[in-house]
Structures are given as structure tokens and as C-alpha cells.
Amino acid sequence: MAATGSRARSHRSNRRWALVGLLLTAILALGIAGRLMSERVPPLQIKRLLAETLPIRGPRPKLVWPVDGEAAVEVEGLGSLGQSGPATPVPIASVAKVMTAYLTLRSYPLAAGSEGFELRVTAAEVGDERRRAALGESVVPVVAGELLSERRALQALLIPSANNIAEMLADHDAGSAAAFVARMNTTAHALGMRSTTYTDPSGYDATTVSTPGDQLKLAAVAMREPAFAAIVDESAVDLPVAGEVDNYNGLVGHDGYVGIKTGSDGAAGGCLVFAKRVTVAGRRFTILGAVLGQRDGSYVPAALASARELGDSAAAALRSGTVLPAGAGVLVARGADGKHASVVTASALREIGWGGLKVPVTVALTHAPTHLTAGQQVAIVTASGVALASSRAVSARVLPAPSLLWRLRHLL
């Protein structure tokens, strides 16, 4: 009986210890499960695959550059299409009058419908006109006592390119030609026209020199003056004494050309700074170009012909092109367990420009996921050009959170 009781007590003790073991195991399992449940899954590591800028796909522009002289062309809002020639300062003749007109309008803004200030022509100014005409300079006739409004003076300056009017405007603005020329050079420096020197208000002096690139800097700001842009877009004007005179820039009024200024003489050859408006994908653009030193025949026709070929070829290069196609890899998402998934564009990104034009591309994450489903949005991709095209960036496949087994191993 004693042995039987001892066995019974031992059995009960073993059962208690077994229950304790089971309880401890359960507690440990619950603790591990709770730790696993409470363990924060780290967000996916996301790496960008794209460069900061990407080119518009397609052929490079085929521009028709002048054979001789110098030239440059750009599209406002997009950038430069390049230049030809040595880009060294050369005489620019009456192209200098762009600065004269620009400074006049800066001092005396001219509202639409307004005639602005008035100039009363003096006997001395009549004499100056006749002297210049005798030298073969470009002038418009004036008479003593004539009243010439600011608008009419600017038309005479920019359309038939009157040197005598350039002198009158300089005197009115600064008190003398010398003081006005100093202002011309100060303004050129402020605009970044480092290769430009003005020595007279009209450009008749061969020492008034510039480059095509510098003249495009000036053309861009001048064309933002509404009165300037309106005047240089006139094919002809009616002046008080001279009557109706045609614009030397014969491109104006044809195929989108809207200005801006010719220049010609023996030192400069034929020169033209031009503006051409085009519409691409419903958006309006202005092409600005400059050709200097054109000598293939008569100077002004040579400049007009070279400018037209350059401007038309620049317009032909403008188009809507693809920066990123649909399905292009943008990001790679990688989980803590090493598994990864590509993040791709949901739609194509198209921008306006030309083949090879580089466009900044931004990628903005919409959240920090711990796992991905196929097609889940991860970011927004934007081509930061004029069109600001954007696309959702989505996961190309499922990327699950780390498995329970991996998390258990990671925990242990």
C-alpha cells in the first residue's frame, strides 16, 4: 500500500510539472506571438532609378544655319537651340536701335492707345537729318516745328530705321547722346550682354558691336514691352512728313514672324534680330533668333533669307515628344527580407521641345509603404517642362510584407 501511495504522489507531481511546463510554453508562445504582432514592420526601402534630367526622345533638330557670319536661336521658355559662327563681337548697325527703343520705353512707358510724350523738331534737328541723309544714312524727313509723338518717333526708329530719330530720342531721354550711350552700356551689362559695346544710339558707328547671343537677351526683354512688340509687328506705318513707309523687316506679317529689327551697312553686312510665333500642342511659343554679318547679295535681303531659313527650321524642330514611356522604371522598392519590386510609370510623360532637350524630372513619394499590391501607387512622377506632364508611379507586382518565419528568425 505504501508503494502504491508513493506512485500516486509521484504521478500527481509529474502531472503538475507537466502542466507547469505546458503553461510556461503557452506563456512563452503567447509572448512571442505578442512580440511578433507588436513588432513594427519596417517601411520598404525605395531607391530612385531616374536621372535628375531626361531628354525628350526623338531626332535632334536639323537647323539651317547661315553659311557665313554669326547666328543664334532660342525658344522662350525652353532654351537655346544653339549658335553658329565664332560668336565674337561684330558691328550690328541699326540692330542697336532695339536698345534705344527699349530704354525709351523704360523711361516713358507707353500704354495701349496712348501717344506718349511729344518731341518738337528744331531747326538744328532738321539740319542733322539733312547731314545724315547726305552721308547715306537711314533717316526720315522732319520739318522745323513738327510735333512728333513718342509712338510716332518709335515707329520711325524701328520701321524705316531712322538714325536722326535715334539721336532725338537719346537727347530727350538723357540730355545728350553721350549720356544715353552710357545708359545703353549700363543696361547691356545688367542684362548679361558681356560681349556688347554701344558707342552711338543708332548703330551707325562700326564700333557699336555685339553678338547674336547678346542680342537675344535684349530681344527677350524688349518683346515683353507691349508697345515695342506692337510697333515691330507693323508691316508699314504712316509718318507725319514721310507718309507711309514700309518695314525693312519683310518677314513681318508672314508665317508667324512678328519682328523685330533689321540692320545693314558696309561694316555690319546684313543683320536681323527676329521673332516668330508658333503653336505646338495647343501652346504658344516665341522663337527668337539673330543673324549678323550676312553678305550673300544685298545686305537686308541676305539677312532676311538667312533668318527665315533658321526660324522655319527651328519651328519645325518644335514638337510634343516622350520623356518617359508608360511602364518605364522609376523606383525600386526593397523589403527588409531582400525581396524587391519595380515601380513604373502608369502612363507616358510627354513634353514640348525638341529631340535631346533635357527636362527636369521629379519623383514625389505619396506614402511610405511596408508592402505593395500590384498596381499600387507609390509616387507621382513629373516632367517639369512647360507642359508639366505627370504620371502615377505604381508597383509592377506584389511585394508582400516579410513572412512570419522571416520575422521570427529576425526576432530571434
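Student: Which residue in the turn between β19 and β20 has a positive phi?

Tutor: Please keep in mind that this is a predicted model. Strands β19 and β20 form a hairpin, and five residues lie between them. Within that turn, a positive phi of about 50 degrees belongs to L388.

Student: How many bridges join β19 to β20, and in which direction do the strands run?

Tutor: Strand β19 covers residues 377–383, while β20 covers residues 389–395. Counted over the two strands, which run antiparallel, the number of bridges is six.

Student: How many residues of β20 are buried?

Tutor: A residue counts as buried when its relative accessible area is under 20%. By that cut-off strand β20 is mostly covered, and of its seven residues the number buried is five.

Student: How many of the nine residues of helix α4 are buried?

Tutor: Helix α4 runs over residues 150–158 and is mostly covered. The buried residues include the charged-class E150 and R151 as well as L154, L157 and L158. Of the nine residues in α4, the number buried is eight.

Student: At what angle do α2 and α7 pack, and is their crossing left-handed or right-handed?

Tutor: Helix α2 takes in residues 97–107 and helix α7 residues 212–222, with their axes 10 Å apart. They pack at an angle of about 35 degrees, and the crossing is left-handed.

Student: Which residues meet where α2 contacts α7, and what is their class?

Tutor: From α2 come V98, M99 and Y102, and these meet L218, V221 and A222 in α7. The contact has no polar and no charged residues, so by class, under a scheme that counts Ala, Val, Leu, Met and Tyr together, its six residues are nonpolar.

Student: What percentage of the residues in the whole protein are buried?

Tutor: The protein has 10 helices and 20 strands, and it exposes about 19,300 Å², of which carbon and sulfur atoms supply 56%. Among the 412 residues in the protein, the buried share is 45%.

How values were computed:
Residues are numbered from 1 along each chain as its sequence is written. This is a predicted model: local features need pLDDT of at least 70, side-chain atom pairs count only at pLDDT 80 or more; totals for chains, interfaces and linings use all residues. Side-chain values use heavy atoms; hydrogens and water are left out. Axes are lines fitted to C-alpha atoms, for helices over the stretch in contact, and angles run from 0 to 180 degrees between N-to-C directions. Helices (H or I, at least four residues) and strands (E, at least two) are DSSP runs, numbered from the N terminus. A crossing is left-handed if the near helix is turned anticlockwise from the far one by less than a right angle, and right-handed if clockwise. Contact means heavy atoms within 4.5 Å. Buried means under 20% relative accessible area, exposed over 50%, partly exposed in between (1.4 Å probe, protein chains only). Accessible areas come from the Shrake-Rupley method with a 1.4 Å probe; for residues, only the protein chains shown count as cover. Two strands pair if DSSP finds at least two bridges between them.
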